[in-house]
Amino acid sequence: MKQLTLAAVAIAGTDAKNFLQGQLSNDLQLLSPQRALFSCCNSAQGRVQAVLTLIERNDCIVAIVPDTMTDTFVARLRKYVLRSKVSIMDARTSLHCYAATHEALQALQLPTPVCCGDHLQHDQISILRWWDRESARYLVLQSSDAQNGSADAEWLLADIRAGLPQVLPQTHETFVAQMLNLDVLNAISFSKGCYTGQEIIARAHYRGTVKRRMFRLSASCPPPAPATRLLARDDSSHAGEVVMSASVGNECEMLAVLNLHQQDAALCLETDATVLLKKLSLPYQLPAAG
């Protein structure tokens, strides 16, 4: 992956929150104009179809997803609309996403959200402090594409270092939410009631059957594509898959889902067995293996 381009999907109508409550993993009661919501959309079999951030604007709810997932995500939501009073629109041509620094916000005389997940709307411009726990990043949404409308390679690397996953076309419906650490990242509510995929996700939580988790790794090679398989070097057994990756000089860093019993094994890429992977730290603690 060279960069991560983010895009906006607008969900409007009197039933918008109730509709999303039945489709997404997190509790829509926690969403407010001042507070964003990290969540995921899943298949009936509990496989993650998209990881998303929701913000509540004065005219609609906006879901922020990778540009390459927009068409799939819009089609998935529309399939479940039925009689709900809700409209789901691809907003890429009307609402552009771009990364901004604190200094850039000050120069534009825009307000700066204080805590991660805080959202402020200034006229028709939305400013969101991203989900990093150890550093401050900001995403701006506005109608003008003067900032060229995207996040970039630095944003992708920052997401990897923050342990923040994205589902991309190559990994669509590959992972259950806990495999992507979405429970640790507060993207799942276990008390909100039913939503699509809830039974599988809840069963994994309450029965302690999460046998795979997402880790941060590095390697001396170009960034491998999402869904690239990782192998244990001693027996070439399948140990995991790449979630996302980014260049760091002549090396790369990645997030990858690994079998817990192989997390400390010597690992390599299936595409190049000579490349040894090194385990790096995440800025949050994973639960003990069940």
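Q: Hi! Which side chains does R137 or D159 meet in a salt bridge?
A: Each other: in this predicted model, the side chains of R137 and D159 form a salt bridge at 2.6 Å, N to O. The pair links distant parts of the chain, with R137 in the loop between β8 and β9 and D159 in helix α4 (residues 153-161), 22 residues apart.

Q: Are those two buried or exposed?
A: Both R137 and D159 are buried.

Q: Nice. Which ring does R137 lie over?
A: R137 sits over the face of W155, 4.3 Å from the ring centre.

Q: Switching to rings, then. How many aromatic pairs are there?
A: The count is three aromatic pairs. One of them is F38 with W131, whose ring centres are 5.6 Å apart and whose planes meet at 35°, so the pair is tilted.

Q: Where do F38 and W131 sit in the chain?
A: F38 is in strand β2 (residues 37-42) and W131 is in the loop between β8 (125-129) and β9 (138-142), 93 residues apart. F38 counts as buried at 5% relative accessibility, and W131 is buried too, at 13%.

Q: Back to charges: how many salt bridges does the structure hold?
A: There are 15. Among them is R92 with D67, at 3.1 Å, N to O. R92 is in the loop between β5 (87-90) and β6 (96-100), while D67 is in the loop between β4 (61-66) and α2 (70-78).

Q: What is the relative accessible area of R92?
A: R92 has 24%, which makes it partly exposed. D67 is partly exposed as well, at 29% relative accessibility.

Q: And what salt bridge does E253 make?
A: The E253 side chain meets that of R216 at 3.1 Å, N to O. E253 lies in strand β13 and R216 in strand β10, so the pair ties together parts that are 37 residues apart in sequence. Both E253 and R216 are buried.

Q: Tell me about β13. How many of its residues are buried?
A: Eight of the nine residues in β13 (residues 251-259) are buried.

Q: Which strands pair with it, and in what sense?
A: β10 (residues 212-219) pairs with β13 in the antiparallel sense over eight bridges, with M214 and V257 as bridge partners. β12 (residues 238-248) also runs antiparallel to β13, joined by eight bridges, and there S245 stands opposite M254.

Q: What about the turn between β12 and β13?
A: That hairpin has two residues between the strands, and G249 takes a positive phi near 65°.

Notes
Residues numbered from 1 in each chain as written. Predicted model: local features only at pLDDT ≥ 70, side-chain atom pairs only at ≥ 80, totals over all residues. Heavy atoms only, no water. Buried < 20%, exposed > 50% of the residue type's maximum accessible area, 1.4 Å probe, protein only. Helix = DSSP H or I, 4+ residues; strand = E, 2+ residues; numbered from the N terminus. Pairing = 2+ DSSP bridges. Phe/Tyr/Trp six-rings, centres within 6.5 Å; stacked < 30°, edge-to-face > 60°. Lys NZ or Arg CZ within 6 Å of the ring centre and 35° of its normal. Salt bridge = Lys/Arg side-chain N within 4 Å of Asp/Glu carboxyl O.
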